Amino acid sequence: ERLTEERMEISRLIDKLANPLERSVLRLFYLNDLVALEVAEEIGKSTTTVYKIKQEAIEHLAGMVNGN
């Protein structure tokens, strides 16, 4: 039950991201439990790009959560 609530909250936060690619990458990592290589294959990008997108998405979310 608690895990489901946490996943729903993560999903709600991800939905707030403006960039659809950032939303996709975070969903694949955190909701689908894929590793970077699988995410890269899924979206047709390199693993390096996937890590960059993930980092930027997390920074954007942190900014929203912290009110920046």
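User: Why are helix H2 and helix H4 called roughly perpendicular?

Analyst: This is a predicted model: local features need pLDDT of at least 70, side-chain atom pairs count only at pLDDT 80 or more, and totals for chains, interfaces and linings use all residues. Residues are numbered from 1 along each chain as its sequence is written, and side-chain values use heavy atoms, with hydrogens and water left out. The axes of H2 (residues 20-31) and H4 (residues 47-65) cross at roughly 100 degrees and come within 9 Å. Roughly perpendicular covers 65 to 115 degrees; under 35 is roughly parallel, over 145 roughly antiparallel, and the rest oblique. So H2 is roughly perpendicular to H4.

User: Which residues of H2 and H4 meet?

Analyst: From H2, Leu21, Glu22, Val25, Leu26, Phe29 and Tyr30. From H4, Val50, Ile53, Lys54, Glu56, Ala57, Ile58, His60 and Leu61. Contact means heavy atoms within 4.5 Å. By class, this contact has 10 nonpolar, one polar and three charged residues.

User: What is the nearest side chain of opposite charge to Lys54, and how far away is it?

Analyst: Asp33, 10 Å away. A salt bridge needs a side-chain nitrogen of Lys or Arg within 4 Å of a carboxyl oxygen of Asp or Glu. Lys54 has no salt bridge, yet is buried. Buried means under 20% relative accessible area; exposed is over 50%, and partly exposed lies in between (1.4 Å probe, protein chains only). Not counting residues up to four places away in sequence, Lys54 touches Val25, Leu26, Phe29 and Tyr30.

User: How many salt bridges does the structure hold?

Analyst: Four. Among them is Arg2 with Glu6, whose closest N and O atoms are 3.1 Å apart. Arg2 and Glu6 are four residues apart in helix H1 (residues 2-15), so about one helical turn separates them.

User: Why is Arg2 called exposed, and what is Glu6 called?

Analyst: Arg2 has a relative accessible area of 63%, so the label is exposed. Glu6 has 35%, so it is partly exposed.

User: What makes Asp33 and Arg7 a salt bridge?

Analyst: Their closest N and O atoms are 4.0 Å apart. The pair links distant parts of the chain: Asp33 sits in the loop between H2 and helix H3 (36-43), and Arg7 in H1, 26 residues apart. Asp33 is exposed at 56%, while Arg7 is partly exposed at 30%.

User: What is the N to O distance for Arg27 and Asp15?

Analyst: 2.2 Å, and their side chains meet in a salt bridge. Arg27 is in H2 and Asp15 in H1, 12 residues apart. Arg27 has a relative accessible area of 27% and is therefore partly exposed. Asp15, at 45%, is partly exposed.

Conventions:
Axes are lines fitted to C-alpha atoms, for helices over the stretch in contact, and angles run from 0 to 180 degrees between N-to-C directions. Helices (H or I, at least four residues) and strands (E, at least two) are DSSP runs, numbered from the N terminus. Ala, Val, Leu, Ile, Met, Phe, Trp, Tyr, Cys and Pro count as nonpolar, Asp, Glu, Lys and Arg as charged, and the others, Gly among them, as polar. Lys and Arg count as positive and Asp and Glu as negative; His and the chain ends are not counted.
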